[in-house]
Amino acid sequence: MVAQLRDSWNLAKGLTAERMANGARIWSSYQYSRLRGRPTIAGLPLSISIEPTTSCNLRCPECPSGLRSFTRATGMLKQDLFANVIDQLAPTLNYLTFYFQGEPYLHPGFLDMVGYASKKGVYTATSTNGHYLKDESARATVESGLDRLIISIDGTTQDTYESYRIGGSLEKVLEGASRVIHYKKLLRTHTPHVMFQFLVVKPNEHQIGDVRALAKKLGADELVLKTAQIYNYENGSDLIPDDDRYSRYRRKDDGTYEIKSRFLNECWRMWQGCVITWDGKVLPCCFDKDGAYAMGDLKTTSFRDIWYGEKYNEFRESLFRSRAEIEMCRNCTSN
């Protein structure tokens, strides 16, 4: 609990007057848009996710990177493109996630980019499969200014772990996590906030108690149990857990499955943030894995022009009409 309070304070202390004013404008414009059923946008995003790379060393079965199933191009984020985006957004940006698809640590300049954003007072986070946290990179991670490090630990034994993280080594992940925690203590810093993420699927749900004990033993700051997104869930899946608390889907009387969450014709995400792919495309949401709904290209257009542009507002307006008609929204668990 103390570590979580420190992490919350670390996020809060970056709230400058300009960032708070921007947040108030965004929130009020969203509420006004909901009331009238038409979009009005009066501020820049509070958070963005940016994709260092689409490359990945693993082959997880519900991940486009793991399945090598993208139709969009694969590659690495150019650092000058990244710096240009941050320069445009840093004054109003609260939260930056270095992740969309792929493994961030495969980008050779990843931690340099973390440092660039951190020096501008932006809270930085990333999610990793933990296979590249060798001694040098573990120390560099702590020294980079990264605020939150999410490490995927989806099993407490190798056979269970690799049933989802195909091609992965649990031993490497645990060694890497331990190195980061070691350097935090050595350098006497509370960052990054080390979060173990356990993606609950049927093959590993019996190890929830074990992973709680493991997180405590290794000294992680927090453990998060995450529900899994299943692409073809309607007729069930071997990955849907038996424990209903950890499933995004419910079984209907006819044996098929549906998403539990309500499906409202509105979405705060379209005001609160966006995703930027490695090649500069601005996407409205992290559910757009293949970039089918690109709103613009930052290599040719400023972020502000894309964010306030006609195409983006038309998309926001389409959500008020019917989210069910938008392909990427059909497996969304928001609302």
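Me: Which residue does Leu199 stand opposite in S6?
Reply: In this predicted model, Leu199 stands opposite Lys226 in S6. Strands here are DSSP runs of E with at least two residues, helices are runs of H or I with at least four, and both are numbered from the N terminus.

Me: And how does the chain get from S5 to S6?
Reply: It passes through helix H9 (residues 208-218), and this β-α-β crossover is right-handed, meaning that, with the strands pointing away from the viewer, the path from the first strand over the helix to the second runs clockwise.

Me: How many bridges join S5 to S6?
Reply: Six bridges join S5 to strand S6 (residues 222-227), and the two run parallel; two strands count as paired if DSSP finds at least two bridges between them. S5 is also joined to strand S4 (residues 148-152), in parallel, by five bridges, with Ile151 opposite Phe196 in S5.

Me: Is S5 buried or exposed?
Reply: Strand S5 (residues 193-200) is mostly covered, with eight of its eight residues buried, where buried means under 20% relative accessible area, exposed over 50% and partly exposed in between, using a 1.4 Å probe and protein chains only. His193, Met195, Gln197 and Leu199 are buried on one side, and Val194, Phe196, Phe198 and Val200 on the other.

Me: What are the numbering and confidence rules?
Reply: Residues are numbered from 1 along each chain as its sequence is written. Local features need pLDDT of at least 70 and side-chain atom pairs count only at pLDDT 80 or more, while totals for chains, interfaces and linings use all residues, and side-chain values use heavy atoms, with hydrogens and water left out.

Me: Now the spaces: which residues lie nearest the centre of the largest pocket?
Reply: Those are Tyr99, Phe100, Lys226, Cys286 and Lys289, out of 49 lining residues. A pocket is an open set of points on a 1 Å grid over the protein atoms alone, with protein on both sides within 12 Å along at least five of seven lines, and lining residues have an atom within 4 Å of a point.

Me: How much space lies in the largest pocket?
Reply: About 1,400 Å³, a volume being the space filled by probe spheres set on the points, which are joined across faces, edges and corners.

Me: And what about a cavity?
Reply: One cavity of 30 Å³ or more is counted, a cavity being a set of points where a 1.4 Å probe fits but cannot get out.
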